[in-house]
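Reader: Could you take me through this model, one question at a time?

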Amino acid sequence: MFDFTATYTDQYQITMSQVYFHRGMKNETAIFDYFFRKTPFGGGFVVFSGLEDLLETVQKLKFDDKDLKLLRDEGMDDEFLDYLETFRFTGTVRSAREGDLVFPNRPVVSVEAPIIEAQLMETLLLNTLNYQSLIATKAARMKLSAGDRTLVDFGLRRAPGTGGYSASRAAVIGGFDATSNVRSGRDYNIPISGTMAHSFVQRYDDELSAFRDFAAIRPHDCVLLVDTYDTIKSGVPNAIKVGKEMEKEGHKMKGIRLDSGDLAWLAKKSRAMLDEAGLGYVKIAASNQLDEHVIKSLLEQGAPIDFFGVGTSLVTGRPDAALDGVYKLSYANGEPRLKLSESVEKINLPDRKQVYRMLNEDGTLFGAEAVALQSENAPDHMYHPSEPGASMDLSGLQKEPLLSEVMKDGERLTQPKSLQEIREFSQGQVGKLPDEYKRFENPHIYKVGLSKKLKEVRDGLISDHKSRI
Ligand SMILES: Nc1ncnc2c1ncn2[C@@H]1O[C@H](COP(=O)(O)OP(=O)(O)OP(=O)(O)O)[C@@H](O)[C@H]1O
Ligand SMILES: O=P(O)(O)OC[C@H]1O[C@H](OP(=O)(O)OP(=O)(O)O)[C@H](O)[C@@H]1O
Ligand SMILES: O=C(O)c1cccnc1
């Protein structure tokens, strides 16, 4: 994880904090909720990712000497700078489990802290969780298409700057198996994997010499890129030659990689040629602008592809580019808070809350969640957030509370989870979500409703505000 200091934020967080500080609000408790309004990719779910990175950063968040000098130069006063020098996050974070499936318009993370502290972590939280959750969701969709075939992240070169670093982590949470990104592999303990570039083959006067050299130096990990000149007439025959030579030396070539043309046709043809040559163990990798739809289509065409290398669409979250997650104030100065909006769906949910997931008897997801006040029991009935009169009976369903304390008084309460643990949990959750919510076209809408009490608090505040305008 990169080291961030507290100036990894937007200027307005610091200027608002300066006002709170000088107006005696520094120690006032505030609650902010992180949630999003729309699932990306027209999909039915989001894979929540980034929590471990966020907690690690928040726990040690502070303004260093360079930050303080900058803020002094920017005109911040001495008294406030003295406060910032001692600034640490001392609040409570309640959160969904990383890797869990999360849905629109319900809190995913709730931060309760002295208002300046909660405010100063907003941008960091949104930057971390929005991007990683977008990428983990994209990865999970590719995993749904790829099944037990191997998915490798090739995205660093196409990523939004250093975002590629955390994209590799999020990809694993979504179900990817390995990354070509060596630094992320090092820091997050992700299996590192790779083949060769066209430039390597181009460097040699002939393809066969390039393949032979690579096999000689890397006999234990030899994947040959076969499309530089002509996949079927040159690349695959040369790979077969080298594969047979490797056998004589007691080695097994790992694979070939296809990177252009009709990948289904070429994979079938290459598979037949390799099998015919007795190289049935040589795997076929494919790359070139893959995404969940192309992978699905290739496998439906019967393409015998074992590895998919994915870059651009993974790390850019194509076509959506961002998850619209927001961080909204729901409680301050001893009172629940909300922001009015023309559309009721956009009005945030006030007060301290808990989210309950409805489960079927076998533990699979029923397809509904109720947001309630933290002070009440799991509700047996929930109300549509914006359609008056629409409600749903929840009696008889198992209800699982989803937000739990992961940080208290600025200290983590849980042991950091390994990426593999998070991945396994996430894949298990995807397995429990019925197929109708996972299909790519017009997935079922997962229902999120409000308890009666929460709806009353929200509607009461709406009337109060409207009557004051
Ligand atoms: N059999 C197939 N079925 C569906 N999609 C495929 C199939 N084969 C390739 N694709 C996808 O179609 C797109 C083809 O892109 P494009 O035509 O630019 O590739 P190309 O011209 O073969 O490659 P390059 O321009 O690198 O030589 C890619 O996203 C690729 O993954
Ligand atoms: O298509 P993406 O999903 O983004 O996957 C990554 C792509 O990056 C590489 O190409 P590039 O042309 O950068 O390098 P190369 O010369 O090694 O092919 C690789 O060969 C893939 O085609
Ligand atoms: O190892 C590879 O084949 C690779 C890595 C990054 C991008 N494209 C391909």
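The questions below go from the whole chain to the ligand surroundings and then to single residues.

Author: This is a predicted model, in which local features need pLDDT of at least 70 and side-chain atom pairs count only at pLDDT 80 or more, while totals for chains, interfaces and linings use all residues. Residues are numbered from 1 along each chain as its sequence is written, and chains are lettered from A and ligands numbered from 1 in the order in which they are written.

Reader: How many helices and strands does the secondary structure of the chain come to?

Author: Helices (H or I, at least four residues) and strands (E, at least two) are DSSP runs, numbered from the N terminus. The C-alpha trace of the chain spans about 80 × 60 × 35 Å along its principal axes. Counted in this way, the secondary structure comes to 16 helices and 21 strands.

Reader: How far apart do the C-alpha centres of domain 1 and domain 2 lie?

Author: The bounds come from an automatic or database domain assignment, which gives domain 1 as 11-135 + 320-349 + 407-434 and domain 2 as 195-305. The distance between their C-alpha centres is 46 Å.

Reader: Which element gives the most residues to the shell around ligand 1?

Author: A residue is near a molecule if its C-beta atom, placed from the backbone, lies within 6 Å of it, and the residues around ligand 1 include Ser260, Asp262, Asn288, Gln289 and Gln301. The elements that give two or more residues to this shell are helix H12 (263-276) and helix H13 (292-300). The one that gives the most, with 3 residues, is H13.

Reader: How do the residues of the shell around ligand 2 divide into nonpolar, polar and charged?

Author: Of the 15 residues around ligand 2, Phe154, Ala197, His198, Gly311 and Thr312 come nearest, and helix H9 (198-203) and helix H14 (312-315) each supply at least two residues of the shell. Ala, Val, Leu, Ile, Met, Phe, Trp, Tyr, Cys and Pro count as nonpolar, Asp, Glu, Lys and Arg as charged, and the others, Gly among them, as polar. On that basis the shell divides into 4 nonpolar, 8 polar and 3 charged.

Reader: Is glutamine 289 buried or exposed?

Author: Glutamine 289 lies in the loop between strand E10 (283-286) and H13, and has a positive phi of about 50° although it is not a glycine. Most residues other than glycine have a negative phi. Because glutamine 289 has 12 C-beta neighbours inside 10 Å, it counts as exposed.

Reader: Which two residues does a cis peptide bond join?

Author: Most peptide bonds are trans. The proline concerned is in the loop between H14 and strand E12 (326-332). With omega about 0°, the cis bond joins arginine 318 and proline 319.

Technical notes. Buried ≥ 20, exposed ≤ 12 C-beta atoms within 10 Å, placed from the backbone.
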